[in-house]
Amino acid sequence: MVRSTAWLLGALLGLICVLPLVLMTPRTAQCTSLKTLENKLIGRRRNMKHNLPINYTIRVHYEEVFKLSNISKLRARVEDLEDGDLQDVWLLVNREVLKRILRVLPVRHPSYKYTTDLEDLFRKVQQVFPPQTDEREPPERIEEIYKRVKEIDSKGWRFVTPKSLLDNCYRTMHCLFKDCFSSEDREQDYCGLPHWRKGRKRLQ
C-alpha cells in the first residue's frame with residue numbers, strides 16, 4: 001500500500017513537471033528558448049572581449065556579418081520575403097559563427113564552455129522553430145546566402161571580433177523576434193531603420 005502510494009505521488013509530480021511543456025504553444029516555446037539565449041548573450045562582453053587578446057579577430061564569410069542594416073536591405077530589395085526567411089538566415093548564420101569561434105578556442109580556454117553553452121541553446125531554439133512548408137521556396141537571394149555560408153573556398157572573407165559577431169546576433173534577434181521581447185528593449189527601436197538613421201538617433 002505504501003509502495004503504491006509512493007508510486008502515485010511520483011507519477012503525479014512527474015506529470016506536474018511535464019504538463020507546462022505539453023501545454024506550451026510553439027510560439028511560447030520559441031520565445032522561452034530565445035529569452036534563455038538572450039540571458040546567456042548578456043555575458044558576451046566578458047567572454048568574447050576580456051578573455052581574448054585585444055582586437056582579436058576571426059575569419060568569417062561576408063554573409064556571417066549579419067547586422068540590422070542587412071535586414072533593412074533584404075526587406076527593401078527582396079520580393080516575397082517573409083519574416084521566417086530572415087529568421088532562418090539568422091539561425092544559420094549564428095550557428096556557423098559559433099562553430100568558427102569554437103575552432104580557434106582551446107578546450108581549456110575560459111570562454112570555451114560559454115561558447116558550447118551558446119551552441120547548445122541555438123540547437124534548442126532550432127528545435128522549436130516552425131517547420132518549413134514544401135509548398136514555398138525561399139527567395140533566390142536567401143538561398144544564395146545559405147549556399148555562400150556553407151562554401152569552403154569563398155572569396156568573401158572578413159575578419160571580425162567575436163564580440164562584434166555576438167553583438168550582431170543579440171541585436172538582430174531582438175529585431176526579428178520582437179514579439180518575444182519587451183517593447184522597452186532598446187534594440188527594437190533600430191529594427192528596420194537604415195544605418196545612417198541609427199547613427200543619428202544615438203547622437204540625440
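D85 is buried, at 2% relative accessibility; buried means under 20% relative accessible area, exposed over 50%, and partly exposed in between, with a 1.4 Å probe and protein chains only. This is a predicted model, where local features need pLDDT of at least 70 and side-chain atom pairs count only at pLDDT 80 or more, while totals for chains, interfaces and linings use all residues. Residues are numbered from 1 along each chain as its sequence is written, and side-chain values use heavy atoms, with hydrogens and water left out.

D85 has a salt bridge to R136, with 2.6 Å between the closest N and O atoms; the term means a side-chain nitrogen of Lys or Arg within 4 Å of a carboxyl oxygen of Asp or Glu. D85 sits in helix α5 (residues 83-104) and R136 in the loop between α6 (112-127) and α7 (140-150), so the pair ties together parts 51 residues apart in sequence. Helices here are DSSP runs of H or I, at least four residues, and strands are runs of E, at least two, numbered from the N terminus. R136 is partly exposed, at 25%.

A second bridge joins K150 and E96, the closest N and O atoms being 2.9 Å apart. K150 is in helix α7 and E96 in helix α5, so this pair links parts 54 residues apart in sequence. E96 is buried, at 8% relative accessibility.

R75 pairs with D83 at 3.5 Å between the closest N and O atoms. Here R75 is partly exposed, at 35%, and D83 is partly exposed too, at 48%.

How many salt bridges does the structure hold? There are 16, and E63, R141, E144 and R148 are linked in a network of them.
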